[in-house]
Amino acid sequence: MNTSKNVSKDIKAMQNGDKNRRTLVQIVVAVVLIALVAAIALFIVNRDSSSNDPASAADTTSGPQMTPTSLTESGAIRFGNPDATTIVSVVEDFQCPACKNFEALSGSTLQQLADAGNVAVDYRPISILDRFSNGTMYSTRSASAAICVAENDRDSWMNWHTAMFAQQPAENGTGLTDDELVEIATSAGADSPATASCITDGSYTDWVTTQTQSVIGEGINGTPNVRVNGTDISNPTPENILAAAAAAGN
């Protein structure tokens with residue numbers, strides 16, 4: 001019997017088996033290391049991306065969503081005679097530079113009409129310019145703030161409205177923070193705790209989104225949009241607004 005040869009074969013077989021097992025272990029270890037490195041790299045990329053994202057840096061957290069109760073059926077904040085047959089409607093976006101110019105030019109005229117007693121002025125804030133606030137949804141948050149003030153500090157709304165456009169942030173920035181919106185409201189007399197919490201909670205952001213879609217469905221795609229009894233005023237200067245309101249009242 002060639003016992004030595006058989007033993008030699010067995011030893012070689014075991015050596016080959018050990019070698020194969022070591023190779024397999026090395027492959028498994030390499031795969032695990034590669035997966036671990038990839039996971040670490042993905043974590044770092046996601047962390048850096050989040051920390052550099054303007055939306056994550058801003059306070060855009062929404063609290064419980066609410067439905068306003070003091071607005072008209074069309075979602076307008078109405079001033080003046082609630083039963084007036086002449087309605088001046090203003091659709092605006094607080095991020096809109098043209099709306100700021102309109103407020104500076106015609107805002108006092110609208111207040112005079114609302115005070116006259118025979119005309120109603122409807123303000124309809126919407127959010128079509130969120131893309132110009134670098135991810136912080138300033139249009140939506142400021143429109144929500146408009147409803148907060150209207151619901152809780154209505155007597156201060158006009159002052160607040162004027163102050164908001166006076167402090168309008170530049171396009172393609174990050175907009176005003178919620179705390180800054182609260183400061184503007186407080187300085188304008190809208191200083192109730194309910195208004196402050198409403199603004200910071202973003203209580204009407206969902207409602208603003210729905211209202212914006214409703215306004216767009218009416219064929220209004222730009223701001224400011226000014227109508228008298230549903231008819232557009234293409235050049236809403238004080239003179240043209242007054243003339244259209246006078247004609248509608250006849």
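Me: Which residues are buried in helix α7 (residues 193–201)?

Reply: Thr 195, Cys 198 and Ile 199 are the buried ones in helix α7. Around the axis they span an arc of only 95°, which puts them on the same side of α7. The arc is taken from the directions that run from the helix axis to the C-beta atoms. "Buried" means under 20% relative accessible area, while exposed means over 50% and partly exposed is in between (1.4 Å probe, protein chains only). Helices (H or I, at least four residues) and strands (E, at least two) are DSSP runs numbered from the N terminus. Before going on, note that this is a predicted model: local features need pLDDT of at least 70, side-chain atom pairs count only at pLDDT 80 or more, and totals for chains, interfaces and linings use all residues. Residues are numbered from 1 along each chain as its sequence is written, and side-chain values use heavy atoms, with hydrogens and water left out.

Me: What covers the buried residues of α7?

Reply: The cover includes α4 (138–152) and α6 (178–187).

Me: How many bridges pair β2 with β4, and in which sense?

Reply: Strand β2 (residues 86–92) and strand β4 (residues 225–228) pair over 4 bridges, in the antiparallel sense. To see this on the screen, look for Val 91, whose bridge partner in β4 is Asn 225, and for Val 88, which stands opposite Val 228 in β4. A contact is heavy atoms within 4.5 Å.

Me: Which way do the residues of β4 point?

Reply: Asn 225 and Arg 227 point one way, Val 226 and Val 228 the other way, and all are buried.

Me: How many residues lie between β4 and β5 in their hairpin?

Reply: There are 2 residues between them. β4 and β5 run antiparallel and are joined by 2 bridges; the partner of Val 228 in β5 is Thr 231. In the turn, Asn 229 has a positive phi of about 50°. At 38% relative accessibility, Asn 229 counts as partly exposed.

Me: Where is Asn 134, and what is its phi?

Reply: Asn 134 is in the loop between β3 (119–125) and α4. Its phi is near 55°, a positive value in a residue other than glycine. Asn 134 is partly exposed, with a relative accessible area of 39%.

Me: Which loop holds Pro 224?

Reply: Pro 224 is in the loop between α8 (205–217) and β4.

Me: Last topic, the rings. How many aromatic pairs are there?

Reply: A pair of aromatic rings is described by the distance of the centres and the angle of the planes. A search of the whole structure finds 6 aromatic pairs. In one of them, the centres of Phe 79 and Trp 157 are 5.4 Å apart and the planes are at 35°, so the pair is tilted. This pair links distant parts of the chain, 78 residues apart: Phe 79 is in strand β1 (residues 77–80) and Trp 157 in helix α5 (residues 157–166). Trp 157 also forms a tilted pair with Trp 160, at 5.8 Å centre to centre and 45° between the planes. For the cut-offs, rings of Phe, Tyr and Trp (its six-membered ring) pair if their centres lie within 6.5 Å; planes under 30 degrees apart are stacked, over 60 edge-to-face, and the rest tilted.

Me: Are these two Trp residues, Trp 157 and Trp 160, buried or exposed?

Reply: Both Trp 157 and Trp 160 are buried. They lie 3 residues apart in helix α5, about one turn of the helix. Phe 79 is buried too, at 14% relative accessibility.

Me: Which residues do the ring pairs link into a cluster?

Reply: The cluster holds Phe 79, Phe 94, Tyr 123, Trp 157, Trp 160 and Phe 165. Arg 154 lies over the face of Phe 79, at 4.9 Å from the ring centre; a charge sits over a ring if NZ of Lys or CZ of Arg is within 6 Å of the ring centre and within 35 degrees of the ring normal.

Conventions: Two strands pair if DSSP finds at least two bridges between them.
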